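This report describes selected features of the structure shown below, beginning with a sheet and ending with the nonpolar cores.

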Amino acid sequence: AVSPLPARRGYFRSPALHNGTLAFLSGGDVFVARLDAATGGAGGRAHVPALRLTVTEGNVLSPRFSPSGAMLAFSASYGGTREAYVLPLDPALAGLGAVQVTYSEDGVPHVAGWADGGASLLVRARSTGASLPDSRLFKVNLAGRFGDAPAAEAVGLGMTPVPLAQAEDGFVDGGSGCVFFVRMRQSSSTTRYRGGQVENLWAYCDGAPVAVALTGDYIGTSRAPAPYYTSTGNYLLFLSDRNSVGKDATPAVTNLYAVRLPTREDLYGAEDGAGGALPHDHAMDKTGSALPASAVGTPFALTSSCDGMAVSEYATDP
């Protein structure tokens with residue numbers, strides 16, 4: 001008789017979800033699994049079979065499902081320089097394999113997500129158009145190449161900078177078209193970090209003169225924003241080490257938080273009319289202005305220190 005191999009614990013990270021399909025990283029490559037395909041295991045623990053999608057000499061980072069779930073985008077170093085790739089999951093496009101969609105001078109270290117209904121990718125890359133090179137977000141036009149969405153106006157692939165300095169991560173809200181992003185690249189991952197380059201959440205809508213600080217009333221870290229849409233309301237999810245609110249709140253263990261997703265009117269006021277009014281209820285200063293808590297409510301915790309461990313990553317299933 002053949003004995004089954006002993007169960008092995010893996011190191012899994014960077015989860016992405018779409019309609020019950022989980023994509024994750026392990027050993028530098030992307031795997032996918034159907035969460036409803038779990039089978040019984042020893043000790044009452046369910047086993048979920050996973051399929052390996054990539055084989056790279058380097059490693060894969062930041063997998064992101066397209067809105068339809070038909071494609072998976074990620075950053076990889078197949079040819080030395082790290083670039084963004086799109087892997088069609090539709091059997092009809094299986095022969096394409098992973099398609100490189102960026103050709104940047106300094107590489108693309110991070111895929112933030114999809115935009116324009118699947119016609120574009122949102123990625124982070126080094127900006128060389130300023131006197132001091134810095135990271136910023138770019139839109140990568142896929143021009144309807146994979147059939148996930150109608151072709152964009154531009155022909156062919158191209159990277160268009162989002163007009164936000166020091167933007168590190170974020171997403172584009174499909175309803176308002178506003179960009180919700182993380183500003184600054186935090187120089188330390190130390191627990192309870194407090195410093196001049198702490199990560200905070202901001203929002204920017206096309207045509208507005210400035211971006212609006214969403215978490216400017218907190219001295220600690222707020223990062224990894226993601227939308228969560230429901231029939232009763234839309235929410236902005238994010239990770240934060242806050243344990244209360246206000247400028248004097250002491251950073252603690254990182255947990256997952258939620259707050260109502262701000263609308264353009266919340267951010268800029270009813271008089272905006274897409275013409276670029278000043279931020280709602282605040283005077284202008286050099287760094288933008290903070291959104292009043294009354295506009296969207298107080299963030300509430302969705303997790304509470306999982307056995308004393310910080311929540312480092314999460315994924316939502318649309």
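Four strands form an open sheet in the order β5-β6-β7-β8, with antiparallel pairing. Strands are DSSP runs (E, at least two residues) and helices likewise (H or I, at least four), numbered from the N terminus; two strands pair if DSSP finds at least two bridges between them. The model is predicted: local features need pLDDT of at least 70 and side-chain atom pairs pLDDT 80 or more, whereas totals for chains, interfaces and linings use all residues. Residues are numbered from 1 along each chain as its sequence is written, and side-chain values use heavy atoms, without hydrogens and water.

β5 (60-65) and β8 are the edge strands, each with a single partner, so one side of each has no neighbour in the sheet. Strand β7 (residues 81-88) pairs with β8 in the antiparallel sense over two bridges, and Tyr85 stands opposite Gln100 in β8.

Gly107 lies in the loop between β8 (99-100) and β9 (110-115). Beyond neighbours within four places in sequence, Gly107 contacts Thr81, Arg82, Glu83 and Ala125, a contact being heavy atoms within 4.5 Å. The C-alpha atoms of Gly107 and Ala125 are 6.6 Å apart.

A nonpolar core is a set of buried Ala, Val, Leu, Ile, Met, Phe, Trp, Tyr and Cys residues joined through side-chain atoms within 4.5 Å.

| Core | Size | Members, including |
|---|---|---|
| Largest | 31 residues | Leu164, Phe181, Leu236, Leu267 |
| Second, separate | 15 residues | Ala73, Val86, Val101, Trp114 |

How values were computed:
Buried < 20%, exposed > 50% of the residue type's maximum accessible area, 1.4 Å probe, protein only.
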